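Biologist: Can you take me through this one? I would like to start with the strands.

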Amino acid sequence: MDTPMNWIANVVRPKIRSLLKRDTPENLWIKCPETGQMVFHKDVENNLFVIPGSNHHMRMRAPARLASFFDGGAFEDVPLPEVPLDPLKFRDEQRYVDRLKNSRAKTGQPDAVKVGVGTVEGLTITAAVQDFDFMGGSLGMAAGEAVVKGFETALERKTPFVLFAASGGARMQEGILSLMQMPRTTVARRRLYDAKLPYIVVLTNPTTGGVTASYAMLGDVHIAEPGALIGFAGPRVIEQTIREKLPDGFQRAEYLKDHGMVDMVVHRHDLKPTIARLCRLLTKAPARNAVPAQAPSPAPAAAVQPAA
Amino acid sequence: MKSYLDFEKPVAELEAKVEELRALGEKGDAVAIGDDIQRLEAKASHALSELYAALTPWQKTQVARHPQRPHFLDYCAGLITDFTPLAGDRLFAEDEAIVGGFGRLDGEPVCVIGQEKGSTTEARIRHNFGMAKPEGYRKAVRIMELADRFGLPVVSFVDTAGAYPGIGAEERGQAEAIARSTEFSLGLGVPNVAIVIGEGGSGGAIAIATANRVLMLEHAIYTVASPEASASILWRDSGRAQDAATNMKITAQDLLRFGVIDGIVGEPVGGAHRDPQAAIIAAGKAISAALADFRGKSPDQVRDLRAAKFLAIGRSL
């Protein structure tokens with residue numbers, strides 16, 4: 001996208017970065033993709049990776065997401081099943097096993113999905129996070145097993161399950177075995193459904209392809225982060241198919257809400273209280289600020305107002 | 001008129017010679033030419049079976065998309081009596097990319113659903129080349145719900161390059177429609193059998209292919225995304241479809257080895273398009289045999305077996 005800041009980004013920034021590289025971590029400065037404004041990385045990090053000022057929601061890595069979601073940043077890291085490596089023996093310019101190795105080194109994660117259990121405003125919740133930085137959050141066998149494990153963990157512990165989706169879709173290098181994660185995760189989702197435990201999906205930027213066409217669109221409640229790209233086919237594919245320009249805001253969170261596909265678009269700062277409130281309501285847990293035992297449930301009753 | 005694929009050229013040449021000799025024979029000289037014809041015919045049929053015994057994944061892709069390959073409605077006409085299609089999702093529209101309804105297989109009432117690509121230009125447009133929109137999948141769910149309630153097994157014929165990627169389809173929730181259809185298939189208390197008769201493309205296929213038994217025709221393909229889409233995603237170049245097909249293990253033989261499908265239905269020599277009737281009969285037998293395995297099972301058993309089967313995929317590679 002062309003912004004007035006582009007000439008600075010292209011000309012000045014690389015020089016500054018190469019000068020600073022020696023003794024400072026990379027990403028010292030971040031450019032807001034929406035406004036082009038340069039912001040200090042620490043400020044963004046301290047703001048849950050939302051750019052102060054523009055409110056643009058940056059991608060969030062899985063460990064940071066879990067830490068920000070659970071009370072005091074503390075959670076139990078759920079061990080995930082190992083899966084066969086490179087069943088297709090896939091290679092193009094690079095062997096798939098090497099791509100995996102690189103992604104593991106880059107992210108410090110074994111694959112794209114991380115699962116944790118902890119408390120959110122005092123309520124125990126199981127959460128899974130898809131990490132877009134790991135091969136585009138793609139849904140391979142490892143990610144599929146991790147999502148299944150997330151559902152199973154919620155089922156065993158009798159907790160709600162919250163899934164933060166972010167994915168380009170299938171892991172192409174695992175071919176049909178990637179596609180099979182769609183019915184596999186759906187089997188697991190069904191079990192949580194039968195157990196009457198809440199399943200809340202948070203759609204983050206971007207969530208497309210087989211992930212949307214399976215567990216990410218089967219939530220009891222769908223929450224989207226502002227501006228998130230959410231869809232089945234990617235915009236490039238659609239444009240190539242219909243050879244037309246796509247409408248403004250197409251496949252963005254707000255557009256999906258307008259078309260009835262998500263329940264709410266929620267700023268990242270408000271996610272935690274919103275999810276906690278929903279989980280409490282759906283599991284009939286007492287309201288967070290309710291006076292315990294001695295005053296039996298006046299708070300929820302008072303909240304019910306006849307429709308105006 | 002017969003149409004040949006590029007790689008069938010040697011066969012095409014031999015068969016053309018046979019035709020030439022036949023034409024000559026009709027003008028006279030029949031005795032001398034008769035032997036030649038027989039020799040050439042034998043040679044052509046040998047060449048054909050050799051060729052089809054060792055098709056590459058890309059060649060199979062071409063066979064799976066052959067314009068004369070039997071499509072869903074051909075199977076329906078050949079196998080299903082009393083076929084009564086239903087229409088509409090009761091929400092938005094009728095989508096003819098997916099055809100579905102009720103009929104009898106071997107005399108027994110069944111629910112039949114399938115993607116239809118169309119066999120003439122007009123039909124291809126009407127059926128949107130077998131690429132369904134959300135209303136197609138929602139119609140499938142509606143029909144499966146009827147099947148479940150009335151206790152009729154579901155047979156689905158899979159033949160699509162994928163779900164339709166368009167503005168309207170996205171607006172109306174293509175992803176959600178596919179996810180619901182997959183979920184509904186998994187929850188059926190009646191047994192279901194899916195057979196990939198041509199192309200099983202991506203989520204658009206999965207939506208109706210999540211079954212107790214999944215079968216594939218010998219030269220059908222089943223992919224995470226069509227070879228063109230795969231190449232576009234992997235290398236931003238849909239022109240490398242052949243590379244994608246070669247790399248991605250999309251043939252029935254590979255998928256059986258991975259435990260993704262449960263059986264392969266043999267095709268006539270030279271592919272289903274050379275003898276559609278034989279292919280249709282073979283498919284019918286395989287479907288009936290698969291359904292027979294679930295006779296007498298309770299709805300819970302049917303559901304549990306299906307769930308366990310899918311959960312096991314990939315766990316013992």
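Modeller: Starting with strand β6 of chain B, residues 213–217: 4 of its 5 residues are buried, so the strand is largely enclosed by the rest of the structure. Buried means under 20% relative accessible area, exposed over 50%, and partly exposed in between, with a 1.4 Å probe and protein chains only. Helices (H or I, at least four residues) and strands (E, at least two) are DSSP runs, numbered from the N terminus.

Biologist: What kind of model is it, and how are things numbered?

Modeller: It is a predicted model: local features need pLDDT of at least 70, side-chain atom pairs count only at pLDDT 80 or more, and totals for chains, interfaces and linings use all residues. Residues are numbered from 1 along each chain as its sequence is written, chains are lettered from A and ligands numbered from 1 in the order in which they are written, and side-chain values use heavy atoms, with hydrogens and water left out.

Biologist: Back to β6(B). In which sense does β5 of chain B pair with it?

Modeller: Parallel, over 4 bridges, with β5(B) covering residues 192–201. Two strands pair if DSSP finds at least two bridges between them. B:Val193 stands opposite B:Arg213 of β6(B).

Biologist: Now the core. How many residues are in the largest nonpolar one?

Modeller: 141, and B:Phe157 and B:Tyr222 have the most contacts inside it. A nonpolar core is a set of buried Ala, Val, Leu, Ile, Met, Phe, Trp, Tyr and Cys residues joined through side-chain atoms within 4.5 Å. Another core, of 21 residues, lies apart from it and includes A:Leu66 and A:Leu278.

Biologist: What does B:Phe157 touch?

Modeller: Leaving aside neighbours within four places in sequence, its contacts (heavy atoms within 4.5 Å) include B:Phe72, B:Tyr75, B:Ile195 and B:Ile287.

Biologist: Which charged end sits over the ring of B:Phe258?

Modeller: That of B:Arg257, 5.1 Å from the ring centre. B:Lys309 lies over the face of B:Phe310, at 4.9 Å from the ring centre. The test is NZ of Lys or CZ of Arg within 6 Å of the ring centre and within 35 degrees of the ring normal.

Biologist: Switching to helix α7 of chain A. Is it enclosed or exposed, and what span should it have?

Modeller: 10 of the 14 residues of α7(A) are buried, so the helix is largely enclosed by the rest of the structure. Among the buried ones are A:Met182, A:Val187 and A:Leu192. For residues 181–194 the span should be 20 Å, and the end C-alpha atoms are 20 Å apart, which agrees. The expected span is 1.5 Å times one less than the number of residues.
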